[in-house]
Amino acid sequence: MEKIYKREDYLKKIRGFYKDDIIKVITGIRRCGKSYFLKSVIEELLENGIKEKDIIYIELDKKEYKDIKTSKELEKIIDEKIIDNDFKYLFIDEVQNAKNFESLINAYREEKNISIFITGSNSYLLSGELVTKLTGRYIEIEMTTLSFYEYVDMKRFLNKSVNENIYLEFEEYIRNGGFPKSLDYDNYDEKILYTSSVINQIFEKDIQTSNKIKDKALFERIEKYIINNFGAVTSIKNIHDYLIEEAKIKTDRRTIKRYLDILEKAKIIYPCDLFDIKSKLVLKGEKKYYLADLSIYYSKNTDNRINYGPVLENIMYLYLKSKNYQLSVGKIGKLECDFIARKNYDSYFYIQISKDISSKETEEREYRPFYMIKELYPRYLFTMDLLLQKRDGINHENIVDFIYNNKNL
C-alpha cells in the first residue's frame, strides 16, 4: 500500500468541513502535494469508519479518465459510481479537464447528500468563473510546498537520512526546495532538474493553455526579473524601466501587469503589499514578491550561493502563510518592518529577519523599526544566531529552531 505523508497543518484547516456541503477547493503551485493531500483526507475518512463505497475518487489526469473532456461525460462517471442513497464524499483531481465543470459541481452540491473536494489548474480555478458559477459556496485551502519542518518530517517518514546537524539540513532545504516529489531523488542535480520540469509544466499546462501570451520571450524576461528579485520592493514602473532602459525591450505597463497576474494565478509568485503603519493604509504601486519555492530560483540560476536576507524572508513568509497568518510589509517613515503578521481580527505581530546580529550596526538596524512602532503588539526578531538575547521585551528567536519545532507566533 502506498505510504501517504499527512500534512497536519492543512488537515486541521479542512477537518471541520468533511461532511459540509460547502465545496472544498484545494489550490497551490503544481506538484506541491494537492493530489496526495486528497488521498490523505480519504485515508482519514476510512480510518473514521466511512465505507469505501461512499468515497468517489476521480483523477482526471490519469489514463483511466483521460477521455473525459466535458461535464456531461464527468457526470456519467460520477453517477455510475453512486450506487445507493447514502451520503457520499466526492474527490475530483484536475477538475478543469472537464469543460464547464462548475455548473455540474454546483448541481451536486445542491443535492445536499454529498461532500465535494476538488483540485485543479490554479490559473483556471481562481478565475471569476469559479466565484460566479459556484455561487460563493466554497472554501479555498491554499497549499504551499513543504515547510522546513515538513521537509525533515517527511524525509524521516520516507526513511531518508537526515543530517544530524539541523543547520546543514536547513542549508540543503534552501537549495533543494520543498516540492515533495523531489525527496525521491538523492542527487542535487536531479532535484533541480525535477524542479525545472515542474516549472516547464506550469508554463505549458497552466499558463500557455489558459492565457493568450503573444510574446513568450517577454513573458519569460518578466518572470526571470521577478524570480531574481524576490524579496525586494518592486513595482510595475521598476520592471518597465528595466525592460526599456537595460533590456532594450519595448512594452507597456498593462502587459507587465497582466503577465504578473498570470504568474500569481499559477502560484509561482506571491505578492506581499506594503502597509503604512502610521496611516494604516496599503501603499499603492510597490510590492514585494516571494517565490512559491526557493528551488525555483536555484533551478533558473547557475549561481547557487545563498543570499540569506531574501531567502530567510521567503522561508518565513511561506511558513507563516501555511499557518494562516496574513502578511504585509510594514513601512514606518523611511524604515521597513519585514513583516506585519495578522491572525484573526486582533492578533498582530511585528517581525524582523536577519541572518545574524553579530555586529552592533546590524543589531541596531534590525531593532530600530520596533522602537518607531507605537502599538504594543508582540515583536519578533528572527536570526540564525545560536546565542539569543533579551532586549526590551522583544522576542529573539532562532529561525531554524522556530520552524523546525513547528512553532506559532
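## The second largest pocket

Strand 5 (138-142), strand 7 (269-276), helix 14 (308-322), strand 9 (326-332) and strand 10 (335-343) each contribute at least two residues to the lining of the second largest pocket. Helices (H or I, at least four residues) and strands (E, at least two) are DSSP runs, numbered from the N terminus. The structure is a predicted model, in which local features need pLDDT of at least 70 and side-chain atom pairs count only at pLDDT 80 or more, while totals for chains, interfaces and linings use all residues. Residues are numbered from 1 along each chain as its sequence is written, and side-chain values use heavy atoms, with hydrogens and water left out.

The second largest pocket holds about 620 Å³ of space. Of the 22 residues that line this pocket, Lys321, Asn324, Tyr325, Gln326 and Leu327 are the closest to its centre. Strand 7 provides the largest share of the lining, 5 residues. By class, the lining of the second largest pocket comprises 12 nonpolar, 4 polar and 6 charged residues. Here Ala, Val, Leu, Ile, Met, Phe, Trp, Tyr, Cys and Pro count as nonpolar, Asp, Glu, Lys and Arg as charged, and the others, Gly among them, as polar.

## How empty space is defined

Rolling a probe the size of a water molecule over the atoms shows where empty space is left. On a 1 Å grid over the protein atoms alone, a cavity is a set of points where a 1.4 Å probe fits but cannot get out, whereas a pocket is an open set with protein on both sides within 12 Å along at least five of seven lines; lining residues have an atom within 4 Å of a point. Grid points are joined across faces, edges and corners, and a volume is the space filled by probe spheres set on the points.

## The largest pocket

The volume of the largest pocket is about 740 Å³. It is lined by 29 residues, of which Arg31, Gly33, Ser35, Tyr36 and Lys181 are the closest to its centre. Helix 2 (34-47), helix 7 (148-157) and helix 9 (188-207) each supply at least two residues of this lining, and the largest share, 6 residues, comes from helix 2. The lining of the largest pocket divides by class into 11 nonpolar, 3 polar and 15 charged residues.

## The cavity

Across the whole structure, a search finds 1 cavity of 30 Å³ or more. The largest cavity contains about 110 Å³ of space. Among its 16 lining residues, Leu146, Ser147, Tyr173, Ile315 and Leu318 lie nearest the centre.

Helix 8 (166-176) and helix 14 each supply at least two residues of the cavity lining, with helix 14 giving the largest share, 4 residues. The lining of the largest cavity consists of 9 nonpolar, 6 polar and 1 charged residues.

Strands of a sheet pair through backbone hydrogen bonds, either parallel or antiparallel. In this structure, 8 strands form an open sheet in the order 6-8-7-9-10-11-12-13, with mixed pairing. Strand 6 (233-235) and strand 13 (395-398) stand at the edges with a single partner strand each, so one side of each has no neighbour in the sheet. From one strand to the next, the twist averages 40°; axes are lines fitted to C-alpha atoms, for helices over the stretch in contact, and angles run from 0 to 180 degrees between N-to-C directions.

Two strands pair if DSSP finds at least two bridges between them. Strand 11 (residues 347-353) and strand 12 (residues 379-383) run parallel and are joined by 4 bridges. Ile351 stands opposite Tyr380 in strand 12.

## Cysteines

The structure holds 0 disulfides, a disulfide being a pair of cysteine sulfur atoms within 2.5 Å. Cys32 is in no disulfide, and the nearest cysteine sulfur, that of Cys272, is 19 Å away. Cys32 is buried (under 20% relative accessible area; exposed is over 50%, partly exposed in between, with a 1.4 Å probe and protein chains only), and its relative accessible area is 0%.

Cys272 also counts as buried, at 1% relative accessibility. The closest cysteine sulfur to that of Cys272 belongs to Cys337, 11 Å away, which is too far for a bond.

In helix 4 (residues 101-110), 7 of the 10 residues are buried, so the helix is largely enclosed by the rest of the structure. The buried residues are Phe101, Glu102, Leu104, Ile105, Asn106, Tyr108 and Arg109. Lys112, which follows helix 4, has a positive phi, near 65°.

Asp21 is located in the loop between helix 1 (8-14) and strand 1 (23-27) and counts as buried at 15% relative accessibility. Asp21 and Ser115 are 94 residues apart in sequence, yet their C-alpha atoms are 5.2 Å apart in space.
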